[in-house]
Structures are given as structure tokens and as C-alpha cells.
Amino acid sequence: MMLSNNNNINNNNNNNNAFFNKTTQTSYELFEGYNDKLLEFAAIACTVFLVVGVPGNILTIIALTKGKRNRNATAIFIINLSISDLLFGCFNLPLAASTFFRRAWAHGDLLCRLLPLLRYGLLAVSLFTVSLITINRYVIIAHPRQYTRIYQRRYLTFMVMGAWLMAFSIMVPTWRGVWGKFGLDINIGSCSILPDRNGRSPKVILFLLAFLVPCICIVCCYARIFYLVRKAAFRTREPATSPKPRISHTAEPIINPIRHQTYAYACDTLNDENRKPFTVNEDLEYIDVNYSFEDLPISYEQISYENSPSNLQSKTTDVSPQRAGNRKN
């Protein structure tokens, strides 16, 4: 009887100690040394982000879902990004604001484990989605012929699901306590990733996979886009390097292989390296493919004959040698 009573007393003491540890963990004062006004500002900022971000993401999802013209790859990625931000605003921001107001964690051990799981997981989903949007922009600019083959609806589903699975699958070992664990970190005043019994923590690997790799992908894609766009812009600005056609100093029109077109050039204008090409405002009816367009320093713009102001005043004349001989006869 005495042994059983001692065992019962010990069990009660252990339970009380466990309960005391939990209560001290949840009611332990955080943010020691921080100013109260600074914590109030942080709590108010979280509340403002919550009030503005949640309705904004909901409206974005509704607008992109209802619009039939917006059902493309970019719209799907933006919807996925909005869903991630919406979940973060609905779950993480209220808990963070409450912690700043109370200067303590009072929401239990389960929410303390879910908070860092969703924080890091949703952040990884957002970065992966932004990377997908960046790659989408790169493909449509650098490889436009492959765009429709790559961004089909079934492939888009795999891309979106892959972003979520990759983001949360790397958090499973930490959730199970195999590689780090989730818990209250007194040093930062929030629930985060703590070292496990062996002193291991996956923070470095999570930083590399979920943050550094997407950032490198984003920087490389946009740098390549900038290079291609800048290269194309320089090509359009470069003067013609091909041999110039022989031009007389008279005001006689120059006849080229393009029929139904008449071009008159001034010699001083063609000798100027900084000259600007003029625009042909007539519809091209026939072009001799054996002739090189590089010999003509002009740019062509197809404009409707009826809408052209110059064509309303005068019609195009045919000055081909054969037609000219027929007119004389």
C-alpha cells in the first residue's frame, strides 16, 4: 500500500510538472528589452496587413476566376500566389498580432507547431510561384514557339501542384521531429524551428532550397530577358551596313523591284549616317523575292489604303519601264 501510494504521488507530481512546463511555456513573457510602443506598432501593422490583404487577395481570385479571357498561365500562377498569401493572412497574421499585443504565446502547443509550418511552407510556395511566373515570361520572350507546347492546361496543373508539394514535403521531417522540431523560440519571441535532440536544424537547407534557389532563378531569367530585349533594341537602332544603291543628284524617282511603289530620295539625306527611314504607307501588292531588302534603307508598315491620309489626295502611279513605254505608245 505504501509503495502504491508513493507511485501515485510521483505520477501526480510528474503530471503537475508537465502541466507547469506547458503553462510556463505558453505564458512566458517574450520580447524582453523591447519597447512597448515598438510592439504595439508591430501588432497594428499585422492588423493592417490582415485587413487589407485578405479582401484584396479574395477580390483578385474572384476577378481572375470569373474572367474567361484571363484563363491563361499567368492568371493561374497569380491565383496560386493569391491563395498562398490569403492563407498566410488568415492564419499567421492574427497569431502574430496576438503575440505582439500579449507579449506571450497563449495559443497552445499545436498552433505553435502549425505556425512555423505554414509560415515557411507558404513562403516557399510564394517564391516557387514567382519563379514559375518569371520562367513563363522568359519562355514567351526567348522561346515563343515552344510556349503553347509547354504551358498546356495539364502541365500547368502539375506545375502548381509541384510547387505546393515541394514546399511542404521538405517540412515533413521537421514536423515529425526527425530533423529539427517546431516549437517556441524564446530568443526571437515566436514559434519557429528548433534544434532536435541531436542538435540538428534544417534552417540552412530550407534557406537554400526555398529561398536562394528561387531567387537565383528569378535573377537569371530577368537578366536574360533584359539582354534579349536590349539586343533587339540595338538591332533596330543600328544603321544599314549593306552597300548603298547608286543615286543620282537629280530629283528623278528611283525605281525598285517593288511594283506599284515610288520612292524619291535626296542625296544629302542618304549620305547622312543619322538619317531616319521613312515609312511606306501603301499596301504591298507584289514583292520580288530575288531582290534584297537590305539594299533599301526604308521600313515598311502595312496601312490600309482607305485610312491613309496621303492616299486620299493622290493615287499611286506605276512607273515601271514597260508601263511607261505603253503609255507613250
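A disulfide here is a pair of cysteine sulfur atoms within 2.5 Å. In general terms, a disulfide is a covalent bond between the sulfur atoms of two cysteines. In this structure, Cys 112 and Cys 191 form one, with their sulfur atoms 2.1 Å apart.

Before going further, a word on the ground rules. This is a predicted model, so to speak of local features takes a pLDDT of at least 70, side-chain atom pairs count only at pLDDT 80 or more, and totals for chains, interfaces and linings use all residues. Residues are numbered from 1 along each chain as its sequence is written, and side-chain values use heavy atoms, with hydrogens and water left out.

## The disulfide and the other cysteines

A search of the whole structure turns up one disulfide. The link of Cys 112 and Cys 191 is left-handed, with -110° about the S-S bond. What does the pair tie together? Cys 112 lies in helix H4 and Cys 191 in strand S2 (residues 190–194), so the bond joins parts that are 79 residues apart in sequence. Helices (H or I, at least four residues) and strands (E, at least two) are DSSP runs, numbered from the N terminus.

Buried or exposed? Cys 112 is buried, at a relative accessible area of 1%, and Cys 191 is buried too, at 0%. For the cut-offs, buried means under 20% relative accessible area, exposed means over 50%, and partly exposed is in between (1.4 Å probe, protein chains only). Cys 46 also counts as buried, with 11% relative accessibility. Cys 90, on the other hand, is partly exposed at 45%.

## How the helices pack

Two packed helices are described by the angle between their axes and the distance between the axes. Here the axes are lines fitted to C-alpha atoms, for helices over the stretch in contact, and angles run from 0 to 180 degrees between N-to-C directions. Angles under 35 degrees count as roughly parallel, over 145 as roughly antiparallel, 65 to 115 as roughly perpendicular and the rest as oblique. A crossing is left-handed if the near helix is turned anticlockwise from the far one by less than a right angle, and right-handed if clockwise.

| Helix pair | Angle between axes | Axis distance |
|---|---|---|
| H2 (residues 36–66) and H3 | about 155° | 8 Å |
| H3 (residues 73–102) and H4 (residues 108–142) | roughly 160° | within 9 Å |
| H4 and H8 (residues 203–237) | about 20° | 9 Å |

Take H2 and H3, which pack at an angle of about 155°. H2 and H3 are therefore roughly antiparallel to each other, and their crossing is left-handed. By class, their contact has 22 nonpolar, six polar and one charged residues. The classes work like this: Ala, Val, Leu, Ile, Met, Phe, Trp, Tyr, Cys and Pro count as nonpolar, Asp, Glu, Lys and Arg as charged, and the others, Gly among them, as polar.

Next come H3 and H4, whose axes cross at roughly 160°. That angle makes H3 roughly antiparallel to H4. H3 passes H4 in a left-handed crossing, and the contact has 17 nonpolar, seven polar and three charged residues.

As for H4 and H8, they pack at an angle of about 20°, which makes H4 roughly parallel to H8. H4 passes H8 in a left-handed crossing.

## What the record lists

In an unreviewed entry, UniProt lists "transmembrane region" for residues 41–64, 76–97, 117–135, 155–175 and 204–227. UniProt positions are given in the numbering used here, feature names are shortened, and annotations may be inferred rather than shown by experiment. Over residues 41–64 the chain is 100% helix and 0% strand, with the end C-alpha atoms 34 Å apart. Residues 76–97 are likewise 100% helix and 0% strand, with 31 Å between the end C-alpha atoms.

## A few residues worth a look

Phe 31 has a positive phi of about 60° although it is not a glycine. Phe 31 sits in the loop between helix H1 (2–27) and H2 and is buried at 9% relative accessibility. Arg 103, another residue other than glycine, has a positive phi near 60°. Its place is in the loop between H3 and H4, and Arg 103 counts as buried at 15%.

Gly 89 is in helix H3 and is buried, at 5% relative accessibility. The C-alpha atoms of Gly 89 and Cys 46 are separated by 8.8 Å, although the two are 43 residues apart along the chain.
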